[in-house]
Amino acid sequence: MKERDALAPTEELPEDAQLYTTQPSIFMDTTPESYPDGWTECLVSPDAKAFILSQPEFPAPLLRPSALQYRLSPTPDKGLGLFCTAKIRANDLILSERPLTLTPTSSSTRMRFLKELDAREQYLAATHEWEKSLKFLFDRLYPDYQAAFMGLANSHKHDGSGLVGGIIRTNGLGVILPPNKYSLEEQQTRRKGVYSAVCKEISRVNHSCSPNTTAHFDVITFSFQLFAVRDIAQGEELTLTYTDLKAPAEMRQSDLEPYGFHCTCSACATSCTSDALRERSMTMQIDNIDDGLLKLALLEEQGLESSGQYCKTLETVMELYIGIGDADNASTCAKKLVNRRWSSLASGAKLYTSPLAIEKFHPLWKGGGNRDLERGADNLECSFGGLELGQAE
Ligand SMILES: [Zn+2]
């Protein structure tokens, strides 16, 4: 049977080329009924496509939560939102879905006539060209997916954005592809490798500055996964952050302006006290276990369990417990990290969920690193680099 997205060699293409591709690849007669995991219409660079296809297990089936625990309902002031229909526990997978579209966050279109235009005209001309590229992508969407896409909010109706571009700007979730190719500076200033994914369901999750969920893109299943970062009560609205949670309230509000709403969450409503507490919880140095536990408590108090700082602090506290020889508490921290499957630190903690494994294999165990130093340099490689079973002694 003919595949819709035949694989073509991409080596000769320039780095800034963009390819239209359907991922995972589907047959011409595939429908959402015949393939419920779905597929994504992508506009990506040759190296992003090569990275996706190089994953040995791609495309793995979607991870499914044990039960459907949310529904779409109107909110008082933010249009539609997702609400819990049953209590959801911290770290539970709430839903996973393949995005409808995956597109670069900025156009790489080269425009020869730009020099004769003023800045506003240049912006509008470039936006018009970009919209044409996005409309071509939209036309490739399956009709049901087109309807889902068009059902999403658009807060860019009056700034020159086209319809497709406006919906992507309003609803897109960030994805970096390939994940480790570009520096943070290249991503931020030149938008290298930065993509925007529009999802039928997760894009409907509204913003909070103390969000109760986090969205993680998993390349192997080619899906966004929505996880609870703390317990969520029945009836509570699911929330994500659209902005930098470290920033003070005033900066967050200005960041949120393009989305067309003013955040009224409890952190924004009490910014005169919460700004200082947030800054302290995000930046405080940890010199000992008590500091670490205090930092975790402050982050929880501010509803910042979705932040990278929370997992980083858990890891630091785990290492501090290992350093004083408390394997039980260290393994408890490791288990908490492993449960946060969306974190990049989760896989590194897997080996240390049992106190016995910590005692045997962790290089910091009761100053074990120092003892190795005394034994000589030859043993260092074994104790620090070789954390596989059977190599530590
Ligand atoms: Zn807020």
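Axes are lines fitted to C-alpha atoms, for helices over the stretch in contact, and angles run from 0 to 180 degrees between N-to-C directions. Helices (H or I, at least four residues) and strands (E, at least two) are DSSP runs, numbered from the N terminus. The model is predicted: local features need pLDDT of at least 70, side-chain atom pairs count only at pLDDT 80 or more, and totals for chains, interfaces and linings use all residues. Residues are numbered from 1 along each chain as its sequence is written.

Helix H10 (residues 308–323) packs against helix H11 (residues 327–339) at an angle of about 160 degrees, the axes being 8 Å apart. H10 is therefore roughly antiparallel to H11, a label given to angles over 145 degrees. The H10 residues that meet H11 include Leu 314, Met 318 and Tyr 321, and those of H11 include Ala 330, Cys 333 and Leu 337; contact requires C-beta atoms, placed from the backbone, to lie within 7 Å.

An open sheet of 5 strands has the order E1-E2-E6-E8-E7, with mixed pairing; two strands pair if DSSP finds at least two bridges between them. Strands E1 (19–23) and E7 (173–176) stand at the edges with a single partner strand each, so one side of each lacks a neighbour in the sheet. From one strand to the next, the twist averages 25 degrees. Helix H1 (residues 46–54) packs on the sheet, where H1 touches E1 and strand E2 (40–44), and the direction of H1 makes about 20 degrees with that of E1. E7 pairs with strand E8 (residues 194–198) in the antiparallel sense over 4 bridges; Gly 174 has Ser 196 in E8 as its bridge partner.

Terms used. Two residues are in contact if their C-beta atoms, placed from the backbone, lie within 7 Å. Angles under 35 degrees count as roughly parallel, over 145 as roughly antiparallel, 65 to 115 as roughly perpendicular and the rest as oblique.
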